[in-house]
Amino acid sequence: QVQLVESGGGLVQAGGSLRLSCAASGTIFSNNAMGWYRQAPGKQRELVAIISSDGITGYADSVKGRFTISGDNAKNTVYLQMNSLEPEDTAVYYCHAKIAPLWYRGSEDYWGQGTQVTVSS
């Protein structure tokens, strides 16, 4: 069983910064990619940023230049540094990972419980 535990959400004023963390634990054979998604009220969940085990990153256009994703493979942890936050960034942020829990099983999708980020204007 794999668990993802997030931390770091909260309330911040526009222009401020927050740092989210997500740690994967449990039975992990290989961790292929981790990332962050977000879901605002009344909207679909969308990809924010992703990082592969090789360190290749990708970002949604709306956060490029403001958010930075990084990872620590040894700790199975991913971080999201969010700068210049805007009210439009308000959402529940979910950690996601593609992890193979056992050597004979392919990668599976795992999700964290979500952490609220609220940006006030």
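Me: What share of the residues in the protein is buried?
Reply: This is a predicted model. In it, buried residues make up 40% of the 121 residues.

Me: And how many helices and strands are there?
Reply: The protein has zero helices and eleven strands. Read from the N terminus, the order of elements is β-β-β-β-β-β-β-β-β-β-β.

Me: What is the radius of gyration, and why does it agree with a compact globule?
Reply: The radius of gyration is 14 Å, and a compact globule with 121 residues would have one near 14 Å, so the two agree. Along the principal axes, the C-alpha atoms fill a box of roughly 50 × 25 × 20 Å.

Me: What about contacts between residues 24 or more positions apart?
Reply: Among contacts with a separation of 6 or more, 56% are between residues 24 or more positions apart.

Me: How many charged side chains are positive and how many negative?
Reply: There are 9 positive and 10 negative side chains, with the centres of the two sets 2 Å apart.

Me: New topic. How many aromatic pairs are found?
Reply: A search of the whole structure gives two aromatic pairs. One of them joins tyrosine 37 and tryptophan 111, whose ring centres lie 5.0 Å apart with planes at 65 degrees; the angle is over 60, so this pair is edge-to-face.

Me: Where in the chain are those two residues?
Reply: Tyrosine 37 belongs to strand β4 (residues 30-39) and tryptophan 111 to strand β10 (residues 108-111), so the pair links distant parts of the chain, 74 residues apart. Tryptophan 111 is partly exposed, at 38% relative accessibility.

Me: And tryptophan 103 with tyrosine 104, how are their rings placed?
Reply: Their centres are 5.4 Å apart and their planes stand at 85 degrees, so this pair is edge-to-face as well. Tryptophan 103 is exposed at 66% relative accessibility, and tyrosine 104 is exposed with a relative accessible area of 55%.

Me: Which residues does serine 53 contact, leaving aside its neighbours within four places in sequence?
Reply: Serine 53 is in contact with Asn31, Asn32 and Asn73.

Methods: Residues numbered from 1 in each chain as written. Predicted model: local features only at pLDDT ≥ 70, side-chain atom pairs only at ≥ 80, totals over all residues. Heavy atoms only, no water. Helix = DSSP H or I, 4+ residues; strand = E, 2+ residues; numbered from the N terminus. Rg over C-alpha atoms; globule rule 2.2 N^0.38 Å. Buried < 20%, exposed > 50% of the residue type's maximum accessible area, 1.4 Å probe, protein only. Contact = heavy atoms within 4.5 Å. Lys, Arg positive; Asp, Glu negative; His and termini not counted. Charge placed at Lys NZ, Arg CZ, Asp CG, Glu CD. Phe/Tyr/Trp six-rings, centres within 6.5 Å; stacked < 30°, edge-to-face > 60°.
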